[in-house]
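Visitor: I am new to this structure and would like to be walked through some of its details. Could we look at it together, one question at a time?

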Amino acid sequence: MQQPIDTASTLEFIQAALQAAANAPLSASPNPRIGCVLVSAAGQTVGLGHTQQAGGPHAEIMALRDAAARGHSTEGATAYVTLEPCSHHGRTGPCCDALIAAGIRKVVASMADPNPKVSGQGFERLRAAGITVDVGAGAAQAKELNIGFFSRMVRKTPWVRMKIAASLDGATALGNGQSQWITSPEARADGHAWRARAGAVLTGIGTVLQDNPRLDVRLVETPRQPFRVIVDSLLQTPVDAKIFEAGGPVWIYTAVQGAPQEAALAARGATVTCLPGARGKVDLTAMMKDLALREINELHVEAGSKLNGSLVREGLVDEFLVYLAPKLLGAGLGMASFGPLEQLSDAVALQFQSAERVGPDLRVLARGVGRDQF
């Protein structure tokens, strides 16, 4: 008979599952990164696994395989998993059925799956099979690890993170547009690591024409390149722009239909989508919804002050990743052009998540108040 596991042990095993989830590859996207720990009736870990790349096995399957490879029985074991086991046939079969077949007696899950295809159905199937289900341990950490997935499932938009490199007095470029490089090589490498975790990197046509960036991940290792997205209202993207050099899809959102250069851009691998909004600009809210339909969980923004300002003004930015260099540049371009505000109470309210040294620079992560309440 399985011995009851106390709260301390529950947290210990859930923490192990969360660590396994953190080790899941970035290529698991658009699936969430999940960890699973199998614990025997005697309280010993017999299997450990995490989500594989998209289309591969889920965490529960990997943990069951690990137990089998070690020669351990899973009959009567408890599964500690950071998200509700899936109950539907997607790229793989239902994980809850695999747990039932393996003789699992109890499942401790951090959270219910927000995916409407699951959303409690996995728990129902487990309970119908006589398996005890407890939910809630490690919920905050599990959600934070997959905040983009939760955003896409619940809000139907990606989690939008705006990256900014600036001087201590808030300048992101000189008045003549020169901006390379304000921050250090260490900060740039760290920024590439944040690019790598995103499903897509977004910029504006102004940045494409001014800086001609590649917007790929080069300074850190990555199992896959994020998609590149350009907001280009008048469809001015040059066909020889460096953003095409990394290969893979480039998505361009425009406000003009049937522009003559559309075919040439398509030949370079671009997908051009017309989403006209007010004043001849791209409808940014509609763009976010479209990116969610393309299964983008996290959107990493690296744009100029004008597009940054438009995204802030329309309430589309969830958090800010700001690198501050220990230097003053005086008059120049700011972080985001919006306003002017009439009163201080109209300010965009933020809360600091972290502040850390990266080389000689300071990395500040600030989140919009209430943006993660979904």
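The questions and answers that follow concern cysteines, strands and aromatic rings.

Visitor: How many disulfides does a search of the whole structure find?
Guide: This is a predicted model, and a disulfide would need two cysteine sulfur atoms within 2.5 Å. The sulfur of Cys36 lies 8.5 Å from the closest cysteine sulfur, that of Cys95, which is too far for a bond. Cys95 is itself in no disulfide, since the nearest cysteine sulfur, in Cys86, is 3.6 Å away. For the whole structure, the number of disulfides found is zero.

Visitor: Is Cys36 buried or exposed?
Guide: A residue is called buried when its relative accessible area is under 20%. The relative accessibility of Cys36 is 0%, and therefore Cys36 counts as buried.

Visitor: Which residue of strand 4 is the bridge partner of Val81?
Guide: Strand 3, residues 78-81, has Thr78 and Tyr80 pointing one way and Ala79 and Val81 the other way, with all of them buried. Strand 1 (residues 35-39) runs antiparallel to strand 3 and is joined to it by four bridges, and here Val81 is the partner of Cys36. With strand 4 (residues 106-109), strand 3 pairs in the parallel sense, again over four bridges. In that strand 4, the bridge partner of Val81 is Ala109.

Visitor: Why is the pair of Trp159 and Phe374 given the name it has?
Guide: Planes under 30 degrees apart would count as stacked and over 60 as edge-to-face. The ring centres of Trp159 and Phe374 are 6.1 Å apart and their planes stand at 50°, so the pair is tilted.

Visitor: Which residue has its charged end over the ring of Phe374?
Guide: Phe374 is partly exposed, with a relative accessible area of 21%, whereas Trp159 is buried at 0%. Over the ring of Phe374, at 4.5 Å from its centre, sits the charged end of Lys143.

Conventions: Residues are numbered from 1 along each chain as its sequence is written. This is a predicted model: local features need pLDDT of at least 70, side-chain atom pairs count only at pLDDT 80 or more; totals for chains, interfaces and linings use all residues. Side-chain values use heavy atoms; hydrogens and water are left out. Buried means under 20% relative accessible area, exposed over 50%, partly exposed in between (1.4 Å probe, protein chains only). Helices (H or I, at least four residues) and strands (E, at least two) are DSSP runs, numbered from the N terminus. Two strands pair if DSSP finds at least two bridges between them. Rings of Phe, Tyr and Trp (its six-membered ring) pair if their centres lie within 6.5 Å; planes under 30 degrees apart count as stacked, over 60 as edge-to-face and the rest as tilted. A charge sits over a ring if NZ of Lys or CZ of Arg is within 6 Å of the ring centre and within 35 degrees of the ring normal.
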